[in-house]
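Open the model in your viewer and show the side chains.

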Amino acid sequence: MRPFSLAHSVPLSSPSSHSRYLRFVSISFPIFHKFNSHPKFLDISPKAPLLNVRSCSSISAKSSSELRKKRPTSEPDEKLRALRQLFSKPGIGIDAYIIPSQDAHQSEFIAECYMRRTYISGFTGSAGTAVVTKDKAVLWTDGRYFLQAEKQLSSNWILMRAGNLGVPTTGEWLNDVLAPGGRIGIDPFLFSSDAAEELRQAIAKKNHELVFLYDINLVDEIWKESRPKPLSKPIRVHDLKYAGLDVVSKLSSLRSELADAGSSAIVVSMLDEIAWLLNLRGSDIPHSPVMYAYLIVEIDKAKLFVDNSKVTTDVMENLNSAGIELRPYESILSEVESLAAQGARLWLDRSSANAAIVNTYNSACERYYEHLEKLGNTQMNDGLNSWSAAPTGIYKVSPVAFAKAIKNDAELEGMRNCHLRDAAALAQFWAWMEEEIHKDVKLTEVDVADKLLEFRSRQSGFIDTSFDTISGSGANGAIIHYKPEPDSCSIVDANKLFLLDSGAQYVDGTTDITRTVHFGEPTAREKECFTRVLKGHIALDQAVFPENTPGFVLDAFARSSLWKTGLDYRHGTGHGVGAALNVHEGPQSISFRYGNMTPLQKGMVVSNEPGYYEDHAFGIRIENLVSVKGVDTPNRFGGIDYLGFEKLTFVPIQTKLIDLSLLSAEDVTWLNDYHSKVWEKVSPLLDGSALQWLRSNTRPLVKQ
């Protein structure tokens, strides 16, 4: 990992040559599909962390101390004091330091040893950015975490409520509080190249300099021995019967794409892309079956940068058979420099590759051309002509993300199978929970989440949860990203709505499901809201649309019934899901964020999860996973194919919560057909009380 010694720093234009470590996201069929558009906005699902916090308009920076609630005065923060002492050390010399939430691979979930923003601030939310100057400490987060941040931040910190009127971006705030010509330090491994460049441009308005600290992370330096150790669990081979395509074939298609783009090599830094491409899985990060690694694929060879202690004999055999060499994880920058010196035309996705890698390559290219210039014009021309391609960055979206998003037959079959086992676990769980509630057993929200994990863990192929279970009773269900904690969670109230959003990682697939139930008698208001959410879920499930349709076009299908009465929800309707990989994956989504132009394609898996939330009262969400499939239509306008959805999730939807007067005959038919399929597919996996529960919850509805 990273050395903890103090080392030199360099400005943005001159990266260090020292090695260190790195990070996600159109390719010709059958694996890679040509896809040139690049979505500017990724959908924010109910569980996804906000990756980049920015204000919506250009405004003058205001202190947010006037906006935050008063907290008890706390003692001077020793962590902040120690961090600030490092600012003036030789080779550092900065006026401010920015600590983001990311690891070096921009992962949604990160290992505990990389939770630097949490360590320095005490704020445990998944999204946020901390900025520390010589006399101020500020944390930005979005509306999902305002209340949590108010509780967790000491009075040494100022809370910036990103998105609220008058709240500046980090760049605007730094320009406002620092004297012109300041030096602002960042760890370049923790920022994408695009994000670092955007920050550099923002602070340049006051002649500030962005300083890349390659060889030291200041938080790590004060964390010292108490910092958790990185996990070193072994990597495993993802069996071909689940992967559906061997590594040699995947690499061959990727190399064809490189050749078409005039590239001789690509750096793959997104962890799920590496896992998918190499048919490997790991255990370095909670909920995500990936391992910390980088991958460089060249036209005639490939190198995996990973901790060698994690590589088992089986993994090594698989890598050798695909012609993949092992390199130390920390040597990624030196390899990038070497590629530039050899004249490689390197494919880099600046929206995902971290700034350390991109800047290292660009600076190595500059040195390459400077060397040729010193040789003289004649020799320089000869030198350029001697290369089929002189070193040049090819900046395009990673071709692996789209290929990974289109599941092959084996991946889809694995998703279908694991969802049925998951449905069996959920039936056992709901049967247990209803019985406990009716016996007046007091269950906390954490008790419920733990018991669900117990039932899931009994299923074959179970590996882990796919995210922290959202178990919310009553008002807690209205907190979209609610995570119950043992010391503060609520007792499940039988007279209130209960929202349960959960998922699992299996050896053959990934699940994600939300159900909202009531154990007593729901109010008319609750039934109306639930039914309108259900109507939106049904409308989206039944949607038929032309190929090349981006997901945002379908978003209104899920909202229409809510909109008719002036209701809505603030999250996207659907996110991509990996096959035995990350529960959130791009580039596809179904969302009101129309900047994402990614077309939905056959084989993609997305969630269908409309909802409705009344603050301090209740939350409702109904979520199934679906895959995109071809649909036979009587007509084919324009000669193109039409698409629809295949359901993957088969768990009953509680009919007690339905206001039948709001459902059309077609809606009732959909629900009855769905429940008939649930019984048909899941009942063979059950017995006893769980089987009885399934039967009683899949009986057909009759609309009078």
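**A tour of the aromatic rings**

This model is predicted. Counting rings whose centres lie within 6.5 Å gives 17 aromatic pairs.

Start by selecting Tyr114 and Tyr292. They form an edge-to-face pair. The centres are 5.1 Å apart, with 85 degrees between the planes. Now trace the chain between them: this pair links distant parts, 178 residues apart. Tyr114 is in the loop between strand S2 (96–99) and helix H2 (116–121). Tyr292 is in the loop between strand S10 (280–281) and strand S11 (293–298).

Next, select Phe650 and Tyr674. This aromatic pair is stacked, at 5.9 Å centre to centre and 20 degrees between the planes. Here too the pair links distant parts of the chain, 24 residues apart. Phe650 is in the loop between strand S29 (642–647) and helix H19 (665–682), while Tyr674 is in helix H19.

Phe650 has 7%, so it counts as buried. Tyr674 has 1% relative accessibility, so it is buried as well.

Lys681 lies over the face of Phe650, 5.2 Å from the ring centre.

For another charge over a ring, select Arg559 and Tyr569. Arg559 lies over the face of Tyr569, at 3.8 Å from the ring centre.

Last stop: select Phe429, Trp430, Trp432, Phe498 and Phe519 together. These residues form one aromatic cluster.

Methods:
Residues are numbered from 1 along each chain as its sequence is written. This is a predicted model: local features need pLDDT of at least 70, side-chain atom pairs count only at pLDDT 80 or more; totals for chains, interfaces and linings use all residues. Side-chain values use heavy atoms; hydrogens and water are left out. Rings of Phe, Tyr and Trp (its six-membered ring) pair if their centres lie within 6.5 Å; planes under 30 degrees apart count as stacked, over 60 as edge-to-face and the rest as tilted. Helices (H or I, at least four residues) and strands (E, at least two) are DSSP runs, numbered from the N terminus. Buried means under 20% relative accessible area, exposed over 50%, partly exposed in between (1.4 Å probe, protein chains only). A charge sits over a ring if NZ of Lys or CZ of Arg is within 6 Å of the ring centre and within 35 degrees of the ring normal.
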